[in-house]
Amino acid sequence: MQHRRGALLVALALALTGVFATTLAAPRPAQALTTEKATARPNEDGGDGVIGGMDTRLTWEGTVEPGEEVTSVTLTLPEGSTFDGSTTRITALEGLKRMDVTGEAVPAGSSITVNFDQAIPEGSLLRLEITNMQFPSEGGECVVSGSYVSAGAEHELADSKPIETIANTPLQSIVNWLDDQPWVEAWNSNQFLGMFLKPQLLVTSFSSLAPGWILCLGIVVAAYPFAIALGLLFAMLKISKWRILRAIAVVYINVLRGTPLFLQIYIMFFGLPMLNINIDNNLLGIIVMAINSSAYLAEIFRAGIQSIPQGQYEAASSLGMNYVQTMFTIILPQTVRRVIPTVTSDFITAFKDTSLLSSVGVMELMMFSKNLTTVTGNITPYVAAGIFYLIVTLPLIKVVGIVEENIARSERGSGPRPKRRADVADSAAAQMKEATDAC
Amino acid sequence: MPAKLRHRAPVIEVPPALPADEAASIAYEADQGLTSHHFTPGEHPIVRIEHLNKSFDDTLVLKDVNLNVWPGEVVVVLGPSGSGKSTMLRCINLLETPSAGHILIEDDEITNKSAAEVNKLRRDVGMVFQQFNLFPHLTAKENVMIGQTKVLKKDKAEAEAEALKQLAAVGLADRADFKPAQLSGGQQQRVAIARAVAMHPNVLLFDEPTSALDPELVRGVLDVMRDLAENSGMTMIVVTHEMGFARDVADRVVFMEDGVVVEQGLPEKVFDHPENPRTAEFLGSIN
Ligand SMILES: Nc1ncnc2c1ncn2[C@@H]1O[C@H](COP(=O)(O)OP(=O)(O)OP(=O)(O)O)[C@@H](O)[C@H]1O
Ligand SMILES: [Mg+2]
């Protein structure tokens, strides 16, 4: 378990700092190479932290004491660090004189050995800049230790001051932290809470379910414009003068509304491959959702269009407008405002209904949470999925309420209005409600 | 004609429309003394209604209506509820399809026209409705502009200038950017009048323009109509229950009952010395 290792590491770091403190308190016999400092370049996006598990540059400096020469240095970082693909720059500063030293760097696990082509003379400040290295992804305080070779003999290097590094995923550190909390332990010891709302699993679920959630949103957001266009088309067909067009619309709308979406999904996902039509799962999901929603939207639009009082058509006609002009400049703009709440409700339904696509292997939210629940034997991922659905639906439900209220207010108007007109608006609204309730 | 009838409706036989010149000279003779509007021999009526019949299913609601309206004349139509006043008005711009008979505007028969021709006809016949029927999603100014831009294909600036002019004429220059819901009923009806007038129609029809208004708002709308009648030379056919308006502004008053034009004539004649007992009774009950 990763977090356990993290805890170990922290303990290790603490122990090492302890060692370091004692070395300060009781200095060792004179060293030939004294550690001056060890730093790492920040690699946090837009921050100044050093994140483990990501490439950075380690800079280490030490002074060669008088009467000594150094031919090789080995730097060792905590377990989990890597020097794979490292490139090293060696600089020696002698007073103001600066010389570039060539050498060979040999990475070995979490340490790297740098052999100099020429010995570093006494009194120089030796600087090693090692790029393309990584600290342990768990993060923590990283002390640079190691050894050096002077006059053919190998000696231990003094530990550097620890370099603060951040765990690779904040999520992981939260999990680590949660593991250590007594209240979490108490919480999880309750059978219900531990099974449905385990904090650690909730946190990990959020990150592992996110792609499924994005896919759900993506499917419904991509499907909806087509659903609206198709819905409008079939709404117009259904109120058309021609009986054949009306019949086509009625069949389309009633078949789609009269059968379960689940069935429609099965027919499309299993039927099309049998006809050797192979469409990407996600794309097919978008198509099925668009077609299904279009039937409901067609009814919403039809009811919306028919809720516009006859007087609006008559006024437009008496100005000489033709049917198309009347529809697009007078009727539909008013319809749009009226149907926003119902369309939003349908959007909410469509978004939730993407869950059915999990049954045919679309990697959406339900699919992810089902997998995670299977792996962990815990229900918490489903609860996390529920929270993901609510993040989208609750604000939309709120929007529906606000828009409905605004419409009610603007229909009431602010100035005195003739009584009969209000009746007309009311009965139109009632009529529309009736029509959409029937959906 | 019979082809246009609903199969259950009784088939009504009417003679064909009269030739224009003959109709004009007959109208010239017949309307002498019926209207205070001045018309000349050789002038043609702008609206000619001959043997107009209209039935809804089995009920005949207009029975052989005949009426001429001269260019610039103001005709007020009176009558009890259900007498067919609105139906007659709505036949003139084909919001209702006549069952039989002829309506001619500038000697052009409007019945049996194609949809495109009907739209063209309607831009020349304006209508003001009892329920205003403003477009609620558009501002007052946009309400007045939309017919000009969409139907007359005027450019936006020109339509806007015209809209502001017409709104000013109905005393609503300062309400140009208000939505209908922000206007009083009287203001809405004045916008509706501006919207109709901005199309510069040949004939303007009013169907009880003040009936849906609170009493204190009626005056403003009537003043606008009076101004139109007296100063614009617009031909107006007005269905109203405002007797004061009819008496002061009308060139001719037409009294309808039960789908029939019972009496017509000068306002003072019809109001003070009605020939028909039903007219007398109606006016008595109103006054
Ligand atoms: N669309 C329709 N379908 C069936 N009958 C109709 C229709 N429109 C009007 N009618 C009937 O035709 C007759 C005349 O109606 P109309 O609206 O023309 O009367 P009106 O004189 O305008 O009355 P009001 O003063 O009440 O407006 C009435 O009996 C009415 O019921
Ligand atoms: Mg009427």
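I began with the contact between the two chains of this predicted model. I found 26 residues of chain A in contact with 32 residues of chain B. I then looked up the area: chain A and chain B bury about 2400 Å² between them, and 57% of that is on carbon and sulfur atoms.

Next I checked for charged pairs. How many salt bridges does the rule find across the interface of chain A and chain B? I noted 1. B:Arg90 and A:Glu314 form a salt bridge through their side chains, at 2.7 Å from N to O. For polar contacts between chain A and chain B I wrote down 5 residue pairs, both residues being at pLDDT 80 or more.

I went on to the side of chain A that touches chain B. The elements giving two or more residues to it are α9 (310-318), α10 (323-353) and α13 (419-437) of chain A. The largest share comes from α9(A), with 7 residues. Sorted by class, this side of chain A has 8 nonpolar, 13 polar and 5 charged residues.

My last entry is on aromatic rings. A:Tyr224 and A:Phe347 make an edge-to-face pair, with 5.0 Å from centre to centre and 85° between the planes. A:Tyr224 sits in helix α5 (residues 199-238) of chain A and A:Phe347 in helix α10 of chain A, so this pair ties together parts 123 residues apart in sequence. Are A:Tyr224 and A:Phe347 buried or exposed? I noted both as buried. I also recorded one aromatic cluster formed by A:Phe206, A:Trp213 and A:Phe388.

Technical notes. Residues are numbered from 1 along each chain as its sequence is written. Chains are lettered from A and ligands numbered from 1 in the order in which they are written. This is a predicted model: local features need pLDDT of at least 70, side-chain atom pairs count only at pLDDT 80 or more; totals for chains, interfaces and linings use all residues. Side-chain values use heavy atoms; hydrogens and water are left out. Contact means heavy atoms within 4.5 Å. Buried area is the accessible area (1.4 Å probe) that two parts lose on being put together, summed over both. A salt bridge is a side-chain nitrogen of Lys or Arg within 4 Å of a carboxyl oxygen of Asp or Glu. A polar contact is a pair of N or O atoms within 3.5 Å; within protein, one must be able to donate a hydrogen and the other to accept it, and residues adjacent in sequence count only if both atoms are side-chain atoms. Helices (H or I, at least four residues) and strands (E, at least two) are DSSP runs, numbered from the N terminus. Ala, Val, Leu, Ile, Met, Phe, Trp, Tyr, Cys and Pro count as nonpolar, Asp, Glu, Lys and Arg as charged, and the others, Gly among them, as polar. Rings of Phe, Tyr and Trp (its six-membered ring) pair if their centres lie within 6.5 Å; planes under 30 degrees apart count as stacked, over 60 as edge-to-face and the rest as tilted. Buried means under 20% relative accessible area, exposed over 50%, partly exposed in between (1.4 Å probe, protein chains only).
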